[in-house]
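Good morning, and thank you for coming.

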Amino acid sequence: MNLDRRTHPPEVLRAIALPSVLRLWGATPDPQDRHKWHTAQGVLSVNGAKFMNWNRGEGGGGAIDLVMHLKRCPFRDALDWLAAHFPAPPAPPERSVVTSPLTLPPPDPAQLARVRHYLLQQRCLRPELIDSLIQTGSLYADHRANAVFLLQGAEGTPVGAELRGTTVHAWRGMAPGSRKDQGFFSIPPVPFPPQTEGNPRAILLCESAIDALSAHSLYPQLACLSTAGARPNPRWLEPLLAQGRTVYCGFDTDATGQTMAQAMISLYPAVQRWAPLHHDWNDVLRSHR
């Protein structure tokens, strides 16, 4: 079965209610606990879009993950099964589009030295690379000493930001209202919307801005983009591929990274896998230095 991504995009299939999938699968609800379902894979606890199989120590979120778990199948097979059994799945809730305006944290120059020290000393990034981002405003520090990496949208307008803690408490997140499908962090800058360029660089997709900077330090001939999390289907990916660019998926070498890379390649067979030799690209960079 060939899945039509226009009528059955993954985000729509993922939003199918888990109880609907479980009933169709033949699972039995627990008479004493409405959150428990008995399946051939064991007892599942379901809480909204999340599920957990305590017998196997496995869990996930959304209908696609649930079908992959029940069928023990790859991402593409789960999409096909859902598309066949839910020909007109419900649209995802409106809140999945945009629910709040973008709120970027104000810059705090007093914290910039700490952020720069963290990126140079702990992350082993090159000073000229970090200083060029600071000069262009693509990177700054907020009052909590977070490193703020801007996602650039059309005409260089910020559409979001990745935040990375630089104190003893490891932390990462996004600025409220970030629109990850309307732009990205890239080094060197890649125009958005993607534009045809002479001799375009090959592109390596990474899970974070720090990983993109690390990969570009190792392979300066590449344009390295951050997907701001392991996401298999960012909306800006198809236009990049339409240009004939070589695109590599460089997601982390862990269970999530491998699964999301497989999902991306299932949706876009032109994408090639390039996994970091260590857990992520920053680990690779630090191992070299």
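Helices (H or I, at least four residues) and strands (E, at least two) are DSSP runs, numbered from the N terminus. The model is a predicted one: local features need pLDDT of at least 70, side-chain atom pairs count only at pLDDT 80 or more, and totals for chains, interfaces and linings use all residues. Residues are numbered from 1 along each chain as its sequence is written, and side-chain values use heavy atoms, with hydrogens and water left out.

Let me begin with helix 10, residues 281-288, where Trp281, Asn282, Val284 and Leu285 are buried; buried means under 20% relative accessible area, exposed over 50%, and partly exposed in between, with a 1.4 Å probe and protein chains only. Those buried residues fall within an arc of 155 degrees seen down the helix axis, so they line one face of helix 10; the arc is that of the directions from the helix axis to the C-beta atoms. Their cover includes strand 11 (203-206) and helix 7.

Helix 6, residues 127-136, has Leu129, Ile130 and Leu133 as its buried residues. Just after helix 6, Gly137 takes a positive phi of about 85 degrees.

I turn now to helix 2 (residues 18-25) and helix 4 (residues 75-85). They pack at an angle of about 85 degrees, with their axes 12 Å apart; axes are lines fitted to C-alpha atoms, for helices over the stretch in contact, and angles run from 0 to 180 degrees between N-to-C directions. Helix 2 and helix 4 are therefore roughly perpendicular, a term for angles of 65 to 115 degrees. Val21, Leu24 and Trp25 in helix 2 meet Trp81, Leu82 and His85 in helix 4.

Finally, some backbone details. A cis peptide bond joins Ile187 and Pro188, with omega about -10 degrees; Pro188 is in the loop between strand 10 and strand 11. Two residues other than glycine have positive phi: Arg72, near 55 degrees, and Ala145, near 65 degrees. Are they buried or exposed? Arg72 is partly exposed, with a relative accessible area of 43%, whereas Ala145 is buried, at 3%.

Notes. Angles under 35 degrees count as roughly parallel, over 145 as roughly antiparallel, 65 to 115 as roughly perpendicular and the rest as oblique. Contact means heavy atoms within 4.5 Å.
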